[in-house]
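Open the model in your viewer and keep the selection tool at hand. The tour goes stop by stop.

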Amino acid sequence: MQQSTIKIGLSACLAGDKVRFDSGHKKSNFCMDELANHVEYKKFCPEVAVGLPIPRPTIRQVRVGDTIKVCRPDGTGDVGPKLTEYGKRVATEQTAELSGFVFCAKSPSCGMERIKIYNEAGTGNTSEGVGFFAEQIMAHNPLLPCEENGRLNDMHLRENFVMRVYTYKHWQTLSEQPLTVHRLTQFHAQYKYLLMAHNYEAYRSLGNLLGTFDGEDIQTLADEYILGLMTALKKPASRKNNANTLMHLQGYFKKSLSKIEKQELRDAIDEYRQGLVPLYVPLTLIKHHLKVHPNEYLAKQVYLDPYPNELKLRYGI
């Protein structure tokens, strides 16, 4: 799957930039030492962008009546409106080239969820807020894969995020040329088993969507399709669904493998299903058999190589 350079939005502190309130940073080792070898980053620090200095007083979300401020603990210096406006401007002017975004968790500007909202007296809080900047990016770009640095420590969430980034980039590349039903169908065919592993119902419904198209509005079809695809891929594939998908892939070799080879592959899939080995073990066997017994349709399946193998993301799931 040849693509141009993948660009990802990134909270600047995660890149190691010393832009936090205490002149520090929160460098993400995964983002900067591993994923950075395969993507380019576009860095954002909303606080600095709206004029706050480095270092600066702590700011947090504070509920005042029906309004939420982003201000100092004493209620002064509200920058909420500025953060919202900056977020809208970035979301509408600078995200079209992005294929993903990694935000800094717990930040009143960049956190995706569970941000603390304090009461006016500062004596209590609830974890129900969304960062003012992140909220605008996500609201204006519902297809854009987004994740927080803390959640990327979970191998399943990490793998899922990177997979969605590469999928979305593939779609962006496809959309650079006029879309046709044939091109959409070819695209869908490549994602058949990836979809099956994540959401079998979506796999069937999206195939039916393309198969019953009446030819009137290709853009509406494309919009509905990609929304369905990105939504379906948002939840990490379960071990059970992956194992079932692997069994479908095994079926392509039923006439070409020896009895011993078939049993070896069945055992690898079963061991994965039981949690004894990671996903890359049965996949490595399948890709080996595919080299020995080529199958053009199977070779195009994104499920086999959804991102660079050098990232080793399937070693931990």
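Select Asp-217. Its relative accessibility is 37%, so Asp-217 counts as partly exposed (buried is under 20% relative accessible area, exposed over 50%, partly exposed in between; 1.4 Å probe, protein chains only). This is a predicted model, where local features need pLDDT of at least 70, side-chain atom pairs count only at pLDDT 80 or more, and totals for chains, interfaces and linings use all residues. Residues are numbered from 1 along each chain as its sequence is written, and side-chain values use heavy atoms, with hydrogens and water left out.

Stay on Asp-217. The residue sits in the loop between helix 8 (200-211) and helix 9 (218-232). Helices (H or I, at least four residues) and strands (E, at least two) are DSSP runs, numbered from the N terminus.

Next, select strand 3 (residues 60-64) and strand 4 (residues 67-71). They run antiparallel and are joined by five bridges. Two strands pair if DSSP finds at least two bridges between them. Pick Gln-61: its bridge partner in strand 4 is Val-70. Now click Gly-65. In this hairpin, with two residues between the strands, Gly-65 takes a positive phi near 65 degrees.

Move to Glu-40, in strand 2 (residues 39-44). Glu-40 has a relative accessible area of 42%, which means partly exposed. Draw a distance from Glu-40 to Met-230: C-alpha to C-alpha, they are 22 Å apart in space and 190 residues apart in sequence.

Finally, zoom out. The chain has 13 helices and eight strands. Its C-alpha trace spans about 75 × 50 × 35 Å along the principal axes. Of its 317 residues, 46% count as buried.
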